[in-house]
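Trainee: I have a model open on my screen and would like to learn how to read it. Could you take me through it step by step?

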Amino acid sequence: MLREGSELSLVDLMSMAKPNLESREKILAKLRGRELVNCFQCIKCTSGCTALKLLELKPHEIIKLVNLGFVDELPSSDIIWTCVTCLKCVQRCPQKASPYHVIMALRNLAVEREAKVPEGYLKAVSQILETGLAETAQKVVTRKMETVDRECLKLPKIISPKVGFQAVFMKTMEEK
Amino acid sequence: MKTAVFWGCRILTGQFAYEMSVREVLPKLGIKLVDLRESMCCGDPIKSVNDFTANYLGARILALANLTSLDNLLVPCNRCHFTISEAKNLISTSAKAGQKIKDLLKEEGLEYNLNIKIWHTIDLLHDLVGLERIKKAVAKPLKGLKVATHIGCQIIRYSDLGRVDDAENPRKLDELIGALGAETVEYVEKLDCCGSALMYSHPDSALSLTGSKLKAVQNLAVDGLVVSCPDCQLMFDVKQKDAGTTVGAKLNVPVVYYTQLLGLALGIDERKLGLHLNQSPVDQVIARISA
Amino acid sequence: MTRIGVYVCHCGLNIAGVVDVEKVVEYAKGLPDVVVTKHYTYMCSEPGQRMIQDDIKALNLDRIVIATCSPRMHEETFRRAVAEAGLNPYLTEIVNLREQVSWAHTHEPEKATEKAKALVRMGVARARLLEPLEKRKVTVEKSVLVVGGGIAGIQASLDLADAGFKVYLVEKAPSIGGRMSQLDKTFPTLDCSACILTPKMVDVTKHQNITLLTNAEVTNVKGFVGNYEVSILRKPRYVDAERCVGCEICTKACPVKVLDKFNENLSEKRAISIYSPHAVPKIATIDPDYCLRLKYKKGVCGKCQDACEAKAINFEQQTETIQAKVGGIVLAVGSEVFDASRMVELGYGRFKNVISNIEFERISDASGPTGGKILTPKDGKPPETIVFIQCVGSRDKRFHEYCCRVGCMATLKQAILAREKISENVKIYVCFIDMRAFGKGYDEFYRRARDMDIDFIGGLPSEIHSAPDGSLYFDVFDKGTNKLLEMHADLVVLGAGLVPNSDLGNISALFHASRSADGFLLEAHPKLRPLETAMAGIFLAGACQGPKDIPDTVAQASGAAAKAIDLLLSGEIELEPLKAVVDKDLCSGCRICESICPFIAIEIKPEVVNGNERLRAEVIEAMCQGCGLCSSACPTGAIKIQQYSNKQVLTQVEAALEEACAEGGK
């Protein structure tokens, strides 16, 4: 474990970025275990990544960047939002380094640092505060062009959580 | 047998057919559903915002289930099942996180109980109800029907968490379809992801994944695709046309929930199973079965 | 009144860097019965030892306390030094100031020094109560049992036999040769495996000191080092070994087809056959699970018997049990290959053209199922593209965490053989994480492979798919070019790792050989004692102790043989006296000690006392490891470990708490 105050003597000559060990520790703290550091770059995760062909997501690269401390360039990058959450990398990684969980931790960091977060996620937060659900009730058009909703389908009414829920929900959002 | 049921957001706000078909078929197989006192989000989209909050939401669902005093909780949505399973795993293994979440739940007078089994429709039907019971209940065997299955990602991975079926060779959905008298096919793209999680940020890529898989299924010359998750259904069924446009193919694949197929085999009326709500061309499948 | 000398070692800076040794020496001066206290940089060195020896003579010391590193390091050394000075070596007490003080409390030097003082005080208290002890001698058998007839067992047997020892070489299969006889060529020399192995196999049969027992397994082991009694079960071949000439006419006559295990099930043989192409002994064996006559008894089939001109077939042959007395045992039972079907995503077992490295070896071997031609299993044609995939089942928390050590070199060899045998046009790729070419000539071998236009892809695929025509395709991301590559291959060879035998649990129980966390047999010390188990007289050779290549196997086998020779050559061995000893007057015959002893070192013997028959425990000194379990379990205190009596242990406890008691129990 790297001690406080020590700095890897590395500089990325393309961006002149230096590793930020504090940010690295932040990510490690969000993960269940420290297996991130066990990654030995077998590249299986990237070879099987659903998002690689379309969106160039390379999980092995993200793990290596975080491990060396080059964390700060990631939360503001689009790449962390390309993960499909198919969980193949978690399933197949021989060292349980779990790129998916690292990517989720980076997304949390992006929200915390107020970097660009896809709107949909933030909308989900406000929607949950309002109704308890992340989506709004919709009407569906059938193949025969009838418009139906829960009520006319005789499905039970949606009951929202009681008032106390919002306050506790907001409290949990303060956990970083 | 009674089980509490948690529907999540997708099913309650738009994927009505899944709810309708589950509510129809399970009682016929001896399972009584007990709704939780209120509806809430499982925390899936919140995982990308604040992991702790997401786990809190999952634990809150367990607390709501605890109010029913039942030992079983059915979660028909794949993503909800994964999110709640991860939450349960966290509070059982981390004393610190478990305590924090306990204290927060207390503020609403709620408490979770870890002695609850989390089910999905697939393992509830396959392992709890059993193939024999389903076979016996079949009134209209789906003879001659050949389908492809899409079990989805989040209920088969990752194995260490304890999932509904095997991650590399899931057979339960295929066997459940076999119990109805129909046949399933194996295909290379069987475990490919529907892409739904990308809709928030990269909808074109999401539809591209959906379209590629549908194209492959179409080439199998099967009667349809069977799913068990509202997000997968949203992509393959509701967004089939858009997916076709994205990948430059004319897609014509009937997509149904397993519980809808099961309902048809049990002799339940198609409207009760919400089959009129499916956007893909399911009429041809229904016609084959009724014939 | 004892006269105690206390010596504190600096151990360079290992101890002195944390513990204030001078303060400890000052403190020791004040302890009762301590006559001299000294400190030195390296107590275990020659001047250090001489210091102690001179003091023993000059100051008439009768107890020595040395505060130094762990007794497991130099207790023997110091005992010998003390003995040389004329004092009984068991009057030496080692206090551990390194592993238990300076290494454990590196960041708290003051507290460490206080602890060091306390430990020295405890050591001195114990030293007062130490008693002089003598080693005992026991005669031993100058014979050795070697379990396993692969190259490890063969090498060990030949070395032992050449040294004049009688050897029982027991092999489970109908022929010796093991894994090495399945190989085509060996790395890095590309020596033909059979060519270098078969002469040794023949030497085994010719050696007058070796009794070769094939188709046999050890079923029971009793006794102790130097005096083991083993039972060997020889399964019937149903063929008379004296009459069979190995002509194989019986095989041609037999109607029952059976998968050929030696060829990794890639071909078929018959229910009666010779086990392998260069089998030693070259005698036919009948598989009772498939032979019609043996399964259905009555006058069924028997075609082999009709055909055999030597009249060697004997369906009535029985199992034989052979008893042997041996002084030592060498375990050389080898390893198995990882079952790659466990990594479902790679398609092994589902796709015919995905094979394992051991299957490739059989295909490549001239005496194998394809006559040495590299042909794909699905359609028997030479492949146009071969891809090797490394680390299958190894370096993987899901299966085996360890590196299999031979996978990289085996693949390089197979890739080179493929190039040489097929053509310069075949495309050969190796997908790897690291290329481990650590041995003599190994990296040069890697360069040779690259010279032959074998391409190396820095990355592993996640999954393999099969096209309808049986060809294979998959995606793999290459670290070097940063490209996602789609690969198409006719043949995929999986570098499956070496794993512990599935029946190693049996071996472990039979020979009381522990297993390490990775499942292989455990050596007594990974650095300093790699050739033996913790059980005296039981040695390890070859892959059963950990995956390894042929040079290391042969080295270890010869080493294990040398260890056994070392142990047994003089015809007697000395036993450490730190063993359990029974006070018969206190023993009630309750048998708790017998049930608890992990080394089966306690016998319960009936004795007649005052006309009554009573049971009494007796320690088999040679088996006793002095672990102390019996002593703590005994309800009457009848059994105690020499030098670890209750008094000797409790005096240390009292010494430890001395200061605390003085301070009012803080």
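Mentor: Gladly! Let's begin with domains, whose bounds come from an automatic or database domain assignment. Chain A is split into domain 1 (21–112) and domain 2 (134–172), and the centres of these two domains of chain A, taken over C-alpha atoms, are 34 Å apart. Before going on, note that this is a predicted model, where local features need pLDDT of at least 70 and side-chain atom pairs count only at pLDDT 80 or more, while totals for chains, interfaces and linings use all residues. Residues are numbered from 1 along each chain as its sequence is written, and chains are lettered from A and ligands numbered from 1 in the order in which they are written.

Trainee: What pLDDT does chain A average?

Mentor: pLDDT is the predictor's confidence in each residue, from 0 to 100. Where pLDDT is low, the predicted coordinates should not be read in detail. Chain A averages 93, and 95% of its residues score at least 70.

Trainee: Into which domains is chain C divided?

Mentor: There are domain 1 (4–133 + 648–662), domain 2 (143–235 + 319–335 + 500–568), domain 3 (249–307), domain 4 (338–499) and domain 5 (580–642). The centres of domain 3 and domain 5 of chain C, over C-alpha atoms, lie 53 Å apart. Along the principal axes, the C-alpha atoms of chain C fill a box of roughly 90 × 75 × 40 Å.

Trainee: How many helices and strands does chain C have?

Mentor: Helices (H or I, at least four residues) and strands (E, at least two) are DSSP runs, numbered from the N terminus. Chain C has 18 helices and 34 strands.

Trainee: How should I read a pair of packed helices?

Mentor: Two packed helices are described by the angle between their axes and the distance between the axes. Axes are lines fitted to C-alpha atoms, for helices over the stretch in contact, and angles run from 0 to 180 degrees between N-to-C directions. In chain C, helix H1 (residues 21–29) and helix H5 (residues 109–129) cross at roughly 35 degrees, and their axes come within 9 Å.

Trainee: Is the crossing of H1(C) and H5(C) left-handed or right-handed?

Mentor: A crossing is left-handed if the near helix is turned anticlockwise from the far one by less than a right angle, and right-handed if clockwise. The crossing of H1(C) and H5(C) is right-handed, whereas H11(C) passes H12(C) in a left-handed crossing.

Trainee: Which residues of H1(C) meet H5(C)?

Mentor: Two residues are in contact if their C-beta atoms, placed from the backbone, lie within 7 Å. Lys23(C), Val24(C), Tyr27(C) and Ala28(C) of H1(C) meet Thr113(C), Ala116(C), Lys117(C) and Val120(C) of H5(C).

Trainee: How many residues do chain B and chain A bring to their contact?

Mentor: The contact takes 46 residues from chain B and 50 residues from chain A. On the side of chain B, the largest share, four residues, comes from H3(B).
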